[in-house]
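Student: I am new to this structure. Could you show me how to read it, one feature at a time?

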Amino acid sequence: MTICLLDDQLISQIAAGEVVERPASIVKELMENSLDAGAGWINVDIEHGGLRRILVADDGRGIDRDELPLAVARHATSKIDSLDALEAVASLGFRGEALASIASVAQLTLTSRALEADRAYAVTPGEQQLQNDTIRPAALDRGTRVEVRELFARIPARRKFLRAPATEFSHIRKAFNQLALSRFDIGFVLRHDGTEVSRLAPADDLDAMQTRVEKLIGGAFGDHAVAVDEQAAGMRLSGWIATPGFSRGQADRQYSYVNHRPIRDKVFNHGVRLAYRDLLHNQRHPAYVLYLDVDPRQVDVNAHPAKAEVRFRESRLVHDFVFRSVGRALAAVEAKPHAAREVELPVSEPVAPAGGSGEITPRPVSRLFDSPAAAEQPGIAQTRAAYAFQMPTAPMEGASQTPEQAPAAPATPQTDAEDAPALGYALAQLHDIYILAQNRQGLILVDMHAAHERVLYEQLKQEYSAGRIQSKRLLVPETLSLAEAEAAAVETHAEALEAVGLEITRAGPTTALLRGVPALLANEDYVALAYDMVADLGDGLRGPQAVRDRIDDVLADMGCKAAVKAGRRLTLTEMNALLRDMEHTDRAGHCNHGRPSWVQVDMSGLDRLFMRGK
């Protein structure tokens, strides 16, 4: 065996890999130093994607002449001067590794002028020992300027793993945006190859802050942004979250900060994700910019070499606080009748049928009152028996007649009155799928299945919490063939199964008997539901929260199966009853899978559609 002794330069280059991964990492480290130095403006100048040149300049406090060599030395920092400061880190950078690591893999020049100094000085760490580095006068008005040239020129093996300049600059821009969102009181400028890419002035008020957020995140985030500001237990959560209408296919619009430090924390992110649980469709991801202020002593920021991950001393408390704060903000939006739900209808010219007379035949719209037989289609009676719509106690105007006596176009209650319902009154049913309603603002379009699904789901959750989910006993029990772990889970979680209406008893090492099913699903495939539920429990769900999450999935599935389906005709009374239930249901704006359940088309949008007033 041959033992090789590594020299200091090679050790520095290897250690640099922990801090300097690519140009974006350098930009992030240098910008963090400028933020800690009390800068008012930070300028970032990039050439050739950062491979050729990176320049970060600020107008902060600067560095004294005698401390310049120490600034580029390893393990030297101005951020920590006592044990108390180490236990309550309030700065972004504190390890004293960044400049030394960068200098070991690139040509670095550090120029700085302290606040009360008569001139600026510069230092260029070379291959010589630190004491041989020369400190020379330089031209700089104030602050600090760090210039990095020819990244990884001394390490060709590392340089070849860098991406194309355009790709590297895209990573730099992400890091720039992330830090620009961390401090609104500071101005930022980004240039690439001599072209100004971004200029962000300091934001002093909430409107200016939101403008910066919209500019950096892009898309329609501003149209869907909801402000969050909650305080509890010595913590504060502020920022913006997007309504589910701005969900993303990937988690690329999620910015979380703890004491203005950009982080990627599973506890924090899971709390936000859980708040969106019943509002996002399939694998969509929420978008948000959130700031958590907490006592620095309650956060360990030394958990990751790049300081991107943190650990909370009271992780459960932080998780619940984030979850409840975001959940309250979303609930407040869902409670607003028109929040982020106004749409523009596309204009399409009517086309006459080919070979016809030129007259346009409108597609049929369901009558306001259907025949009594329509309400007794298969599958409707059992749904009504378990969870019927809440019918109004007093008949509304135009709805007091029997279906046989109803006119073709009965009068609609006045929707311009002060006490008119938020979702108005039903007008008609379109293709037995959508409900058309009129309110004070204009036209309401409701997906009846999605809306009823949400209503039933919220009712089921309330009944589950109260232990009142109805169960129906089977005349002949169903035999379930299970794995041994699943059969054991049936005994362990019998109460959880019974709480959702499933009565299952173990009958042998690998068998169980299904004796009772939820009343809502008495005519559905309840055997498949039982197998799915037992399989999840047998996979080893740990803790009451995991079991409750799975139960919520079951309740959502029950609500979906029991909700009215497309193709069923509703009477005017049923449509209005559904609208009233929606107004008293949490998160009625979306179904259990995250799809929107209703939209608003205001009168101005309708006027533009028909060019009224032009």
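**Reading the fold**

Tutor: Of the contacts in the protein with a separation of 6 or more, 70% are between residues 24 or more positions apart; a contact means heavy atoms within 4.5 Å. This is a predicted model, where local features need pLDDT of at least 70, side-chain atom pairs count only at pLDDT 80 or more, and totals for chains, interfaces and linings use all residues. Residues are numbered from 1 along each chain as its sequence is written, and side-chain values use heavy atoms, leaving out hydrogens and water.

Student: How many helices and strands does the protein have?

Tutor: There are 19 helices and 23 strands. Helices (H or I, at least four residues) and strands (E, at least two) are DSSP runs, numbered from the N terminus.

Student: Which residues of helix 7 are buried?

Tutor: An α-helix has 3.6 residues a turn, so residues three or four places apart point the same way. Buried means under 20% relative accessible area (1.4 Å probe, protein chains only). In helix 7, the buried residues include Glu168, Phe169, Ile172, Ala175 and Phe176. Across the protein, 46% of the 614 residues are buried.

Student: How do strands pair in a sheet?

Tutor: They pair through backbone hydrogen bonds, either parallel or antiparallel. Here, an open sheet of 3 strands has the order 20-22-21, with antiparallel pairing; two strands pair if DSSP finds at least two bridges between them. Strand 20 (471–481) and strand 21 (503–506) are the edge strands, each pairing on one side only.

Student: How many bridges join strand 21 to strand 22?

Tutor: There are 4 bridges between them.

Methods. Buried means under 20% relative accessible area, exposed over 50%, partly exposed in between (1.4 Å probe, protein chains only).
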